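Reader: I would like to learn how to read the contacts between aromatic rings in a model such as this one. Could you take me through them with care?

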Amino acid sequence: MKKMARVIVKFIPSFLAKELMGDKSIPKEIFVPENSSMIDLIEELDKISEGKFRKNIFKKGRIREDIIVLLNGKGISRENLENIRIKYGDEIIFLPMIDGG
């Protein structure tokens, strides 16, 4: 039996979840196999959203430029998602880039 990692996923502000996931409710905790990549987590979110997440978060094969992804409070590179490993207890936050003055 594979060990599972519990990760916490947040969308800030909360309406971003509806934009990215559609009408599906978002579990705060998601279980993925231990040592999964960020791509694996995105695939799990895509399953939960019945295909809406990937369609809404990616543009030209990359996470949209107006979406910031934090892993345990630190920004992650959009180019390296398959190499970013998720561990038990990690917190992933999706938030929009804010600009203006």
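Author: Let us begin with a term: a residue is buried under 20% relative accessible area, exposed over 50% and partly exposed in between, with a 1.4 Å probe and protein chains only. This is a predicted model, in which local features need pLDDT of at least 70 and side-chain atom pairs count only at pLDDT 80 or more, whereas totals for chains, interfaces and linings use all residues. Residues are numbered from 1 along each chain as its sequence is written, and side-chain values use heavy atoms, with hydrogens and water left out.

Reader: How many aromatic pairs does the structure hold?

Author: Rings of Phe, Tyr and Trp (its six-membered ring) pair if their centres lie within 6.5 Å, and planes under 30 degrees apart count as stacked, over 60 as edge-to-face and the rest as tilted. The structure holds 3 such pairs. One of them is stacked, formed by Phe11 and Phe94 at 5.3 Å centre to centre with 15 degrees between the planes.

Reader: Which parts of the chain does the pair of Phe11 and Phe94 tie together?

Author: Helices (H or I, at least four residues) and strands (E, at least two) are DSSP runs, numbered from the N terminus. Phe11 lies in strand S1 (residues 4-11) and Phe94 in strand S7 (residues 91-96), so the pair ties together parts 83 residues apart in sequence. Phe11 is buried at 9% relative accessible area, and Phe94 is buried at 1%.

Reader: What geometry does the pair of Phe53 and Phe94 have?

Author: Phe53 and Phe94 are edge-to-face, at 5.5 Å centre to centre and 80 degrees between the planes. This pair links Phe53 in helix H3 (residues 52-57) with Phe94 in strand S7, 41 residues apart. Phe11, Phe53 and Phe94 form one aromatic cluster.
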